[in-house]
Amino acid sequence: MSPVIRFRGVGLTYPGPPAVPALRPCDLDIEAGEHVAVVGPSGSGKSTFLNVVGLLDRPTQGTYELDGIDTASLGEAERTALRGRRIGFVFQAFHLLPYRTATENVMLAQLYNGAARASRRATAAEALSRVGLAHKRNAVPTTMSGGERQRVAIARALVNRPSILLCDEPTGNLDSGTADSVLNLLDRLHEDGLTIVVITHDLDAAVRAQRRITIRDGHLDVTAEPVDGALR
Ligand SMILES: Nc1ncnc2c1ncn2[C@@H]1O[C@H](COP(=O)(O)OP(=O)(O)OP(=O)(O)O)[C@@H](O)[C@H]1O
């Protein structure tokens with residue numbers, strides 16, 4: 001079986017001027033079911049990496065295969081469709097619609113998957129149960145805690161059954177107790193077989209991953225274990 005993510009010589013240089021080699025050419029395999037943390041200091045290339053993996057930016061070098069699909073051969077519409085089906089995004093700032101219920105927020109993520117409204121509602125309810133929020137399905141984010149909002153965002157990311165959950169500082173807006181409960185949820189989803197990539201400054205989040213990847217000055221080190229300094 002091919003890895004979920006396969007980089008061969010993948011790099012991204014912003015054209016500038018001056019040109020910025022934000023991600024140096026690298027090889028990387030992330031297998032189905034892995035839980036990987038990507039850590040590095042500010043400006044090291046973490047967002048660039050996330051944007052490439054998340055099909056938001058095209059690499060300027062190399063080959064990126066997602067689930068065995070060579071992403072370079074795809075047009076913009078195909079990339080968008082692949083992103084919607086295979087990648088669930090979780091962001092630091094949740095990005096929920098504040099005056100829509102939890103269910104509606106999750107259902108919106110399914111708008112383009114062709115399912116009928118009743119079936120979307122049922123799938124949204126299932127996703128909210130999976131993150132322990134069945135009882136909040138009719139609540140709106142403005143009345144929810146940060147941890148609950150992030151769990152709604154995780155339900156939204158899961159609802160299309162993605163190949164990978166791509167998390168950008170998922171605990172960045174949470175206090176440590178709440179962060180812990182969100183990290184416990186991610187651990188549980190990983191135990192259920194989900195592939196998770198977490199980009200983080202948070203040592204607590206990084207140590208939970210099976211594998212840690214460090215970025216420094218655009219160099220991806222797939223063998224490094226983060227020391228404290230790598231996270232700042
Ligand atoms: N659109 C762009 N054009 C040119 N240079 C850019 C662009 N976006 C980012 N960079 C540069 O690329 C390098 C990597 O930036 P990136 O945002 O990926 O780092 P990061 O690790 O995510 O940082 P932070 O933790 O502060 O968010 C930095 O030197 C940054 O200034």
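Student: How many bridges join S7 to strand S8 (residues 195-199)?
Tutor: In this predicted model, S7 and strand S8 run parallel. One of the facing pairs sets Leu166 opposite Val197 in S8. The chain passes from S7 to S8 through helix H6 (residues 176-191), and this β-α-β crossover is right-handed. The number of bridges joining S7 to S8 is five.

Student: Is strand S7 (residues 164-168) largely enclosed by the rest of the structure or left open, and how many of its residues are buried?
Tutor: A residue is counted as buried if 20 or more other C-beta atoms lie within 10 Å of its own. Ile164, Leu166 and Asp168 point one way from S7, Leu165 and Cys167 point the other way, and all are buried. Strand S7 is therefore largely enclosed by the rest of the structure, the count of buried residues being five of the five.

Student: Which residue in S7 stands opposite Ile87?
Tutor: Strand S6 (residues 87-91) is joined to S7 by five bridges, and the two run parallel. In this pairing, the residue of S7 that stands opposite Ile87 is Ile164.

Student: In S9, which residue is the bridge partner of Ala37?
Tutor: Strand S3 (residues 35-39) has five of its five residues buried. His35, Ala37 and Val39 lie on one side of S3, with Val36 and Val38 on the other. S3 pairs with S8 in the parallel sense over four bridges, and His35 stands opposite Ile196 in S8. S3 also pairs in the parallel sense with strand S9 (residues 211-216), over four bridges, where the partner of Ala37 is Arg212.

Student: Which strands are the edge strands of the open sheet of four strands?
Tutor: The order of this sheet is S2-S1-S4-S5, with antiparallel pairing. Strand S1 (residues 5-14) is joined to S2 by seven bridges, and Ile5 stands opposite Ile30 in S2. The strands that pair on one side only are S2 (20-30) and S5 (69-70).

Student: Which element gives the most residues to the shell around the ligand?
Tutor: The residues surrounding the ligand include Tyr14, Val20, Gly45, Lys46, Ser47 and Thr48. By class, this shell has three nonpolar, seven polar and one charged residues. The element that gives the most, with three residues, is H1.

Terms used: Residues are numbered from 1 along each chain as its sequence is written. This is a predicted model: local features need pLDDT of at least 70, side-chain atom pairs count only at pLDDT 80 or more; totals for chains, interfaces and linings use all residues. Two strands pair if DSSP finds at least two bridges between them. A residue is near a molecule or strand if its C-beta atom, placed from the backbone, lies within 6 Å of it. Ala, Val, Leu, Ile, Met, Phe, Trp, Tyr, Cys and Pro count as nonpolar, Asp, Glu, Lys and Arg as charged, and the others, Gly among them, as polar. A residue is buried if 20 or more other C-beta atoms lie within 10 Å of its own, exposed if 12 or fewer, and partly exposed in between; C-beta atoms are placed from the backbone. A crossover is right-handed if, with the strands pointing away from the viewer, the path from the first strand over the helix to the second runs clockwise.
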